[in-house]
Amino acid sequence: MSENAELSAEVNPCDANSAVTRGFDVARVRADFPILAQQVNGNPLVYLDNAATTQKPNAVIDAISNYYRFDNSNVHRGAHALSDRATEKFEGARDTLARFINSPRREQIIWTRGTTEAINLVAFSWGRVNLKSGDTILVSSLEHHSNIVPWQMVAAEVGAKVVPIPISTQGEIDMVALANMLDESVKIVSVGHVSNALGTVNPVADIVRLAHGVGAKVLVDGAQAIAHFEVDVQSLDCDFYVFSGHKVFGPTGIGVLWGRESLLNEMPPWQGGGEMIETVSFSGTTYNVLPYKFEAGTPDIAGAIGLAAAVDYLTGLDRVALAAHEADLLSYAYASAKNCAGLTRVGEAANIAGVFSFLLNGAHPSDVGTLLDHQGVAVRTGHHCAQPLMANLGISGTVRASFSIYNTREDVDRLFAALEKVKQFL
Ligand code: PLP
């Protein structure tokens with residue numbers, strides 16, 4: 001923070017130097033993420049690929065390492081101290097995640113490998129029982145492939161169809177079109193909370209209200225929302241909410257399916273094996289209660305413990321200040337983009353979280369990405385697993401800079417300085 005900014009009497013809530021963000025010490029947050037303090041290709045790393053995966057704070061690295069160092073054991077069935085400790089930490093992690101998204105009950109937190117597996121679980125367990133020929137599954141045109149392909153697979157099995165909800169040129173769901181598409185053939189609406197490619201924040205509570213009006217269920221893909229703002233599954237009133245641990249400062253290989261209890265209770269198990277059974281015999285098998293009915297096999301114990309440590313870390317920070325900080329980074333990037341000749345923003349929704357997607361001088365995004373990497377700036381390029389969205393926009397991909405709590409205005413400046421150099425090669 002410059003001295004002048006410190007002395008400035010003007011307070012802009014969207015400014016990094018404002019009263020709101022002044023309470024937030026980004027340098028302290030950065031110090032919690034050891035990976036950030038490194039050189040890449042001879043330059044200090046600028047990590048702007050947070051929508052792909054977030055970095056991990058020491059608290060998460062230590063929780064996983066300590067688990068393996070001191071407590072490693074299998075859960076639920078051990079008759080010894082280590083197993084008791086592992087079980088206590090693993091089930092404690094479920095409590096932490098239940099509090100984090102305001103789940104009415106801990107049993108509604110089902111551990112999965114991530115968002116993708118959670119959507120597949122719902123598509124195949126709920127879908128095979130509740131979808132039939134002639135039914136409609138609505139997904140938005142913004143969706144990640146994870147929220148399209150499982151629905152296409154189950155639709156092909158049962159004879160239902162997957163229909164995309166149109167979007168505006170700004171990259172927002174067309175709510176009027178959605179309202180017109182909702183009829184009694186629609187059994188589920190599956191939408192992202194935040195678009196990974198454009199950052200659009202979708203009005204999911206409104207979508208839920210409309211969908212429930214025709215008796216359709218709603219799954220919200222929270223992969224890109226969960227790190228940016230507080231999620232309350234009760235106030236959203238959705239039927240399923242899913243997210244991945246690695247997008248919220250936790251480890252890869254762990255994620256959450258949250259579901260309405262009555263629906264989860266009615267749904268058949270998806271995978272069979274240990275843990276998910278009550279009794280097994282060749283004359284018939286009975287299944288365990290929630291959440292274990294959906295957790296066949298040895299779970300990712302360290303992953304769950306690591307994810308709970310990530311959630312504890314995040315909730316220990318001032319989330320209002322974090323949101324203000326991230327909003328400042330985005331508005332600073334958008335303002336800088338206006339002064340960058342040849343840059344075209346992709347996605348200009350009124351409400352965006354974390355993402356700045358763009359094209360430069362008609363150059364192929366992957367060339368831009370490579371030239372940025374040579375300068376230590378990490379971004380993602382390509383279709384971002386959203387090929388139908390790219391087709392809709394008439395482009396093959398974008399360059400995506402995505403921000404998190406540890407990014408700074410200096411990172412944005414480095415991105416734009418690097419883009420000026422990239423232009424010399426195009
Ligand atoms: N949905 C969205 C919106 C995403 O951004 C992603 C990952 O980028 C996914 C789903 C898939 O997440 P995962 O690969 O962790 O299962």
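Modeller: This is a predicted model. A search of the whole structure finds 10 aromatic pairs.

Colleague: Why is the pair of F33 and Y313 called edge-to-face?

Modeller: The ring centres of F33 and Y313 lie 5.7 Å apart, and the cut-off for a pair is within 6.5 Å. Their planes stand at 80 degrees, and an angle over 60 counts as edge-to-face. The pair is therefore edge-to-face.

Colleague: What makes this pair a link between distant parts of the chain?

Modeller: F33 sits in the loop between α3 (26-31) and β1 (39-40), while Y313 belongs to helix α12 (residues 301-315); the two are 280 residues apart. Both F33 and Y313 are buried. Together with F249 and Y406, F33 and Y313 form one aromatic cluster.

Colleague: How do you know that R345 lies over the face of Y334?

Modeller: R345 is placed at 3.5 Å from the ring centre of Y334, and the distance limit is within 6 Å. R409 likewise lies over the face of Y332, at 4.3 Å from the ring centre.

Colleague: Which residues lie nearest the centre of the largest pocket?

Modeller: They are T115, H144, S146, A223 and K247, from a lining of 27 residues. The space in this pocket is about 370 Å³. Helix α6 (residues 115-130) supplies the largest share of the lining, 3 residues.

Colleague: What is the make-up of the lining, and which domains does it draw on?

Modeller: The lining divides into 6 nonpolar, 14 polar and 7 charged residues. Domain 1 (5-48 + 318-423) and domain 2 (60-314) each contribute at least three residues.

How values were computed: Residues numbered from 1 in each chain as written. Predicted model: local features only at pLDDT ≥ 70, side-chain atom pairs only at ≥ 80, totals over all residues. Heavy atoms only, no water. Phe/Tyr/Trp six-rings, centres within 6.5 Å; stacked < 30°, edge-to-face > 60°. Helix = DSSP H or I, 4+ residues; strand = E, 2+ residues; numbered from the N terminus. Buried < 20%, exposed > 50% of the residue type's maximum accessible area, 1.4 Å probe, protein only. Lys NZ or Arg CZ within 6 Å of the ring centre and 35° of its normal. 1 Å grid on protein atoms, 1.4 Å probe; cavity = no way out; pocket = protein on both sides within 12 Å on 5 of 7 lines; lining within 4 Å. Points joined across faces, edges and corners; volume = space filled by probe spheres on them. Nonpolar A, V, L, I, M, F, W, Y, C, P; charged D, E, K, R; others polar. Domains from an automatic or database assignment.
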